[in-house]
Every structure is written in C-alpha cells, then in structure tokens.
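Subject: Structure for your review

Dear colleague,

Please find below the sequence and structure that I am handing over to you. A summary of what was found follows directly after them.

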Amino acid sequence: MNTKTAPLAQPEVLTSTTPSRETTEPWLWAAAPDTPLTEDVRPFSGKWIWFTPLSLLDASWTTIRAATQDGLLGYRSKAGTLINTRLKSDDTRRPICVYTRDWRDIDDVQRALTSLRALGIVDVLLYKTDSDTLNGRYGTGASTFVAPAAKPKMVIPLRTREALEHHHAARAQARRAAAARRKAPSPKHT
C-alpha cells in the first residue's frame with residue numbers, strides 16, 4: 001500500500017471497529033475462517049508488522065481485516081488503536097500485524113508477505129516472533145525477517161539463518177535416531 005494513496009477497500013463507517021475511533025482497547029483483532037480470536041499458545045508463531053501512517057490507519061485496517069477474514073493472509077491480524085502507545089514510539093504511526101503459525105515455515109511466511117504486497121503494501125515490513133515479543137526484544141536486531149520497501153522477497157538476517165540451521169539439524173538428527181531405533185533388533189525376552 002503506497003503511503004501516498006489509500007487502500008483499495010471501500011471506506012468504512014467509523015465505528016468501534018475503526019482503530020482511530022476505538023477508545024477502550026489497544027488492539028482490534030480479525031481472524032481467518034475457523035480460527036478463534038482468543039489468545040492461544042503457539043510457541044513458534046510470529047507476525048509481519050507494518051507501521052502504518054495514522055492517515056491510512058482506518059482504511060488499511062479495513063483492507064487487512066477483510067483479507068484476514070477471507071483467509072488470504074495469516075491466521076489472525078490486529079491493528080493498534082490510537083490509545084496503543086509505547087514509550088519511544090513514533091506517534092504518527094500504529095502497527096498492523098499479520099500472524100503466521102510458525103516462523104520456521106519459510107514458505108508460509110513468504111506467502112503472507114506476497115499477499116501483503118499484492119494488497120498494495122509497499123512499505124518496509126518487519127517480521128518478529130511472538131517469543132521475542134514476550135521476552136521484550138524490541139528495536140534494532142529484533143526482526144526475524146525483513147521485507148525492504150517494495151521488495152517481494154524477504155531478507156533473512158544471520159541470527160535467523162543460524163536458528164533455522166540449528167532447527168533443521170536437530171530435526172534431521174531426530175529423524176536419524178528414530179530410523180535407527182526402528183532398524184535395531186528387538187531385545188528377546190527369555
């Protein structure tokens with residue numbers, strides 16, 4: 001979504017589902033079909049984060065919410081409202097987050113990015129794991145993946161590549177150990 005133009009979605013009537021009008025909740029949520037909005041524990045979930053200019057917040061959320069509810073993005077999304085502020089944050093923007101179930105599933109993370117780009121979002125997008133968020137990891141170096149402005153492919157930082165290599169090596173070792181156990185003769189009882 002070009003920051004100079006509004007998204008393609010029709011303007012929404014201003015209600016409590018509009019981030020700029022919400023006065024009681026810091027986040028507005030949307031879910032894909034057959035996905036509950038309630039918080040659930042997903043140890044490997046993460047999200048693409050778009051720091052949306054306030055001038056585009058409501059129209060952008062309308063687009064992201066509809067795409068999420070149509071099952072075109074991740075399993076859930078959320079938009080920061082005007083009461084959602086953090087110290088040292090840019091008061092002229094609010095985050096819109098699109099969640100995927102497993103940050104290690106590169107194909108799904110890339111699919112969500114491709115879908116966001118197809119919606120017209122051309123700004124820089126950052127991907128962060130929920131575990132990093134829960135552990136208070138913010139700022140420089142906190143992104144698991146980065147999508148440079150207008151680029152359709154994500155960049156994988158060194159720390160993420162190392163974590164993925166470790167994950168894949170551990171899975172390969174577990175598969176080899178399981179195969180060895182299946183091939184080993186059973187102990188005979190006398």
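In this predicted model, the residues lining the largest cavity are Trp48, Ile49, Trp50, Ile64, Ile96, Val98, Leu116, Ile121 and Leu125. Two elements, β2 and β4 (93–100), each give two or more residues to that lining. The largest share, three residues, is supplied by β2. By residue class, the lining of the largest cavity consists of nine nonpolar residues, with no polar and no charged ones.

As to volume, the largest cavity holds about 40 Å³ of space. The structure has one cavity of 30 Å³ or more.

The strand pairing around β5 may also be of interest to you. Strand β5 spans residues 125–129 and is mostly covered, with four of its five residues buried. Strand β2, which covers residues 46–53, pairs with β5 in the antiparallel sense through four bridges. Within this pairing, leucine 126 of β5 is the bridge partner of isoleucine 49. Isoleucine 49 is also one of the residues that line the largest cavity.

Strand β5 has a further antiparallel partner in strand β6 (residues 145–147), to which three bridges join it. Here leucine 126 stands opposite valine 146 of β6.

With kind regards

Note on methods
Residues numbered from 1 in each chain as written. Predicted model: local features only at pLDDT ≥ 70, side-chain atom pairs only at ≥ 80, totals over all residues. Heavy atoms only, no water. Buried < 20%, exposed > 50% of the residue type's maximum accessible area, 1.4 Å probe, protein only. Pairing = 2+ DSSP bridges. 1 Å grid on protein atoms, 1.4 Å probe; cavity = no way out; pocket = protein on both sides within 12 Å on 5 of 7 lines; lining within 4 Å. Points joined across faces, edges and corners; volume = space filled by probe spheres on them. Nonpolar A, V, L, I, M, F, W, Y, C, P; charged D, E, K, R; others polar.
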